[in-house]
Amino acid sequence: MSGERAGREDPMPTLETDRELVGIVAVADNGVIGKEGNMPWHIPEDLQHFKETTMDHPVIMGRVTYEGILETLGEPLPGRTTVVLTSRDLETPKNVVLAHGLEDAVETAERVARDRHDDTDRIFVAGGATVYEQFLPVVDRIVVTEVHEEPDGDTRFPEWDRGAFDEVSRDERDGVAFVEYERQ
Ligand SMILES: NC(=O)c1ccc[n+]([C@@H]2O[C@H](COP(=O)([O-])OP(=O)(O)OC[C@H]3O[C@@H](n4cnc5c(N)ncnc54)[C@H](OP(=O)(O)O)[C@@H]3O)[C@@H](O)[C@H]2O)c1
């Protein structure tokens, strides 16, 4: 966890937060994470893991991922504030706020957590590919579900610097593994 981080947009913005920035993703063995705006699989165990891990924390995501969730669930993620990165001016239901850049997203997530008197120590970054790409250089931790399949898809998890992280836990299940990496 660090007070200052450099992101990709706008030469070197600093992301000011004392909370841990945590990427969370489910990625197939062939790197696929998405298909036609949605997940390429339905794995209840992973949905449960995502829910338990992110519950009560602010969750930052891209507009395409957000719209996929709305389509699937019929509502935003319950029990969490979603911070949607977009250049658009969308109508937002309760528990959804817009952000127009990385710094804005982190500041908004911070403000939301404070306003909820939320003493959670984590802000989650939940994709999709464009959002992971921007945040991966600055996250403190990455929570990965390895999906042992090779599905068709149109969206892949970006390259990331594994050498900068330690694997700190691994829970092997049937067809999936829940793995956590911590920045060195
Ligand atoms: N397997 C997993 O764990 C997982 C997790 C998340 C998503 N996914 C999948 O990934 C796919 C979506 O990924 P994606 O890469 O296509 O889309 P995305 O990252 O979800 O959303 C892209 C959009 O986010 C907005 N955005 C991104 N960075 C921004 C910035 N710095 N400032 C302002 N707006 C910004 C833009 O919205 P505007 O166009 O509105 O400006 C952009 O078009 C879906 O299939 C989804 O299901 C999988």
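In what order do the eight strands of the open sheet stand?

**Figure 1. The open sheet of the predicted model.** This is a predicted model, in which local features need pLDDT of at least 70, side-chain atom pairs count only at pLDDT 80 or more, and totals for chains, interfaces and linings use all residues. Residues are numbered from 1 along each chain as its sequence is written. The eight strands follow the order E5-E4-E3-E6-E1-E7-E10-E9, and their pairing is mixed. Strands (E, at least two residues) and helices (H or I, at least four) are DSSP runs numbered from the N terminus, and two strands pair if DSSP finds at least two bridges between them. Strand E5 (96-99) and strand E9 (165-172) each have a single partner strand, so one side of each lacks a neighbour in the sheet. From one strand to the next the twist averages 25 degrees; axes are lines fitted to C-alpha atoms, for helices over the stretch in contact, and angles between N-to-C directions run from 0 to 180 degrees.

**Figure 2. Strands E1 and E7 with helix H1.** Seven bridges join E1 (residues 20-28) and E7 (residues 141-147) in the parallel sense. Ala 28 is opposite Val 147 in E7. Helix H1 (residues 44-54) lies across E1, E3 (59-62), E6 (122-125), E7 and E10 (176-183), and runs at about 180 degrees to E1. Contact requires C-beta atoms, placed from the backbone, within 7 Å.

**Figure 3. The shell around the ligand.** The ligand is surrounded by 30 residues, the closest being Gly 34, Gly 62, Ser 87, Gly 127 and Gly 128. A residue counts as near if its C-beta atom, placed from the backbone, lies within 6 Å. At least two shell residues come from each of E1, E2 (32-34), E3, H2 (63-73) and H4 (129-135). By class, the shell has eleven nonpolar, 15 polar and four charged residues; Ala, Val, Leu, Ile, Met, Phe, Trp, Tyr, Cys and Pro count as nonpolar, Asp, Glu, Lys and Arg as charged, and the others, Gly among them, as polar.

**Figure 4. Backbone geometry in two loops.** Gly 127 and Gly 128 are joined by a cis peptide bond with omega about 0 degrees. Gly 128 belongs to the loop between E6 and H4. In the loop between E2 and H1 lies Glu 36, whose phi is positive, about 50 degrees, although Glu 36 is not a glycine. Most residues other than glycine have a negative phi, and most peptide bonds are trans.

**Figure 5. Residues 6-12.** The protein averages a pLDDT (the predictor's confidence in each residue, from 0 to 100) of 91, with 91% of the residues at 70 or more. Over residues 6-12 the pLDDT is below 50, and this stretch has 13 contacts beyond near neighbours in sequence.

Methods. Contact = placed C-beta atoms within 7 Å.
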